[in-house]
Amino acid sequence: MVLDITDRLGIRTGRHVAPAGLAAIVLGAALFVLPPHSTLAAIALALTGGAAFALGTARRANGRWWALVAGLISAALLFAALTVAGRGLALRAFGQAETCTVTDRVMIETGARYHHYGFVHTLACGSGTLTIRTDPGDRVPVGTAVPILTSDLIEPDFADRHSLLLEVPAVLGSIALTAVLVRRSVRSAN
């Protein structure tokens, strides 16, 4: 069925749909990381872009099934790397590091249907008072001095959650995987 869809697409369509899908994935990641932080729009763009990239890649590879599966996996990994690791890289590149003291920590329920708890940390910093929302595993005791990363555009976060040794290879690896897939599908088309 999927291979029939790719057969109906022309080769020019494959040349235009795959890059448009990549652009939608990058735009979705930017919407996820930067204000207004539209999670639903980001996920919708990522799903649409991933499908377009996978179909365009499969069409470029003459409708081969491996190109469709590899395109879907590569698109998902690219979006995940750009949203999770990309946020930390953006904070490190465009933000500043600051040491703050945790003045308050409140446990909140974040799930309506299933019980899931998170924490809201209130921090006293030299630049003012900040709040950071975290998962249960990232709770910091009150009175602890912690390094944070702040930025004018991106919400502040604990610096310990963003290691350059993990984030740079994640982003570069996902971009390399996507480039290899595009190159291989173009080679299959020729």
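W65 is placed in helix α4; helices (H or I, at least four residues) and strands (E, at least two) are DSSP runs, numbered from the N terminus. The model is predicted, so local features need pLDDT of at least 70 and side-chain atom pairs count only at pLDDT 80 or more, while totals for chains, interfaces and linings use all residues. Residues are numbered from 1 along each chain as its sequence is written, and side-chain values use heavy atoms, with hydrogens and water left out.

W65 counts as exposed, at 60% relative accessibility (buried is under 20% relative accessible area, exposed over 50%, partly exposed in between; 1.4 Å probe, protein chains only). Together with V69, I73, L77 and L177, W65 forms a nonpolar surface patch with about 500 Å² of accessible area. Patch residues have over 30% relative accessible area and no salt bridge, with nonpolar side chains (Val, Leu, Ile, Met, Phe, Trp, Tyr) joined within 5 Å and like charges within 9 Å. Areas come from the Shrake-Rupley method with a 1.4 Å probe, and for residues only the protein chains shown count as cover. Helix α4, residues 65-94, gives the most to this patch, with 4 residues.

The open sheet has 5 strands in the order β3-β2-β1-β4-β5, with antiparallel pairing. Its edge strands, β3 (128-134) and β5 (157-158), each pair on one side only; two strands pair if DSSP finds at least two bridges between them. Between β4 (residues 145-150) and β5 there are 2 bridges in the antiparallel sense, and I148 has F158 in β5 as its bridge partner. Helix α4 lies across β1 (96-109), β4 and β5, and runs at about 90° to β4. Axes are lines fitted to C-alpha atoms, for helices over the stretch in contact (heavy atoms within 4.5 Å), and angles run from 0 to 180 degrees between N-to-C directions.

The structure holds 3 salt bridges, each a side-chain nitrogen of Lys or Arg within 4 Å of a carboxyl oxygen of Asp or Glu.

| Salt bridge | Closest N and O atoms |
|---|---|
| R87 and D157 | 2.7 Å |
| D157 and R161 | 3.2 Å |
| D138 and R161 | 3.4 Å |

R87 forms a salt bridge with D157. R87 lies in helix α4 and D157 in strand β5, so this pair ties together parts 70 residues apart in sequence. D157 is buried, with a relative accessible area of 3%. D138 forms a salt bridge with R161. D138 lies in the loop between β3 and β4 and R161 in the loop between β5 and α5 (164-189), so the pair ties together parts 23 residues apart in sequence. D138 is partly exposed at 28% relative accessibility, and R161 is partly exposed at 33%. R87, D138, D157 and R161 are linked in a network of salt bridges.
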